[in-house]
Amino acid sequence: MNLTVVSEVPLIESVEVGDSFWAGDFRVEVTEVSGTGSSFSGTGIIKVPYLEQVQLNVELKNVSVNQNCQLVDGLVEVKGVGAAFISEELSDLLNDLIG
């Protein structure tokens, strides 16, 4: 994987819930987003690749992402850690049944 961020690559103009981008070696999935233009804030999750059941909850602060889906500016700050002991699909099913 090439992690070199190319500054000449244009910034993306919109980010939606479910979109993802790379912050260094980590893929960040956007769970909440606000902002206009090329700078966004909100929340996201990082699933740690070598610890598949561990997820980091992160806050996005004035994040700019280029069209290669690479973080080029802003802050991705860890706000908490979670561990999944059941699959995401089973968790969703249980939430549907209970909720």
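Is asparagine 62 buried or exposed, and what is its relative accessibility? Asparagine 62 counts as exposed, at 52% relative accessibility, where buried means under 20% relative accessible area, exposed over 50% and partly exposed in between (1.4 Å probe, protein chains only). The views below show a predicted model in which local features need pLDDT of at least 70, side-chain atom pairs count only at pLDDT 80 or more, and totals for chains, interfaces and linings use all residues. Residues are numbered from 1 along each chain as its sequence is written, and side-chain values use heavy atoms, with hydrogens and water left out.

**Figure 1. Order of the elements in the chain.** The chain holds one helix and five strands, arranged β-β-β-β-β-α from the N terminus on. Helices (H or I, at least four residues) and strands (E, at least two) are DSSP runs, numbered from the N terminus. Of the 99 residues, 20% count as buried.

Figure 2. Most residues other than glycine have a negative phi. Asparagine 62, in strand 4 (residues 54–65), has a phi near 50°. Cysteine 69 also has a positive phi, of about 60°, and lies in the loop between strand 4 and strand 5 (71–83). With a relative accessible area of 33%, cysteine 69 is partly exposed.

Figure 3. A cavity is a set of points, on a 1 Å grid over the protein atoms alone, where a 1.4 Å probe fits but cannot get out; lining residues have an atom within 4 Å of a point. Grid points are joined across faces, edges and corners, and a volume is the space filled by probe spheres set on the points. The count comes to one cavity of 30 Å³ or more, and the largest cavity holds about 40 Å³ of space. Its lining consists of Val15, Phe21, Val30, Val33, Phe40, Leu60, Val63 and Val65. Strand 2 (26–34) and strand 4 each give two or more residues to this lining, and strand 4 gives the most, with three. By class, the lining has eight nonpolar, no polar and no charged residues; Ala, Val, Leu, Ile, Met, Phe, Trp, Tyr, Cys and Pro count as nonpolar, Asp, Glu, Lys and Arg as charged, and the others, Gly among them, as polar.

**Figure 4. A nonpolar surface patch.** Leu93, Leu97 and Ile98 make a nonpolar surface patch of about 360 Å². Leucine 97 is placed in helix 1 (residues 88–98) and counts as exposed, at 64% relative accessibility. Such patches consist of residues with over 30% relative accessible area and no salt bridge, nonpolar side chains (Val, Leu, Ile, Met, Phe, Trp, Tyr) being joined within 5 Å.

Terms used: On a 1 Å grid over the protein atoms alone, a cavity is a set of points where a 1.4 Å probe fits but cannot get out, and a pocket is an open set with protein on both sides within 12 Å along at least five of seven lines; lining residues have an atom within 4 Å of a point. Patches are made of residues with over 30% relative accessible area and no salt bridge: like charges are joined within 9 Å, nonpolar side chains (Val, Leu, Ile, Met, Phe, Trp, Tyr) within 5 Å. Accessible areas come from the Shrake-Rupley method with a 1.4 Å probe; for residues, only the protein chains shown count as cover. A salt bridge is a side-chain nitrogen of Lys or Arg within 4 Å of a carboxyl oxygen of Asp or Glu.
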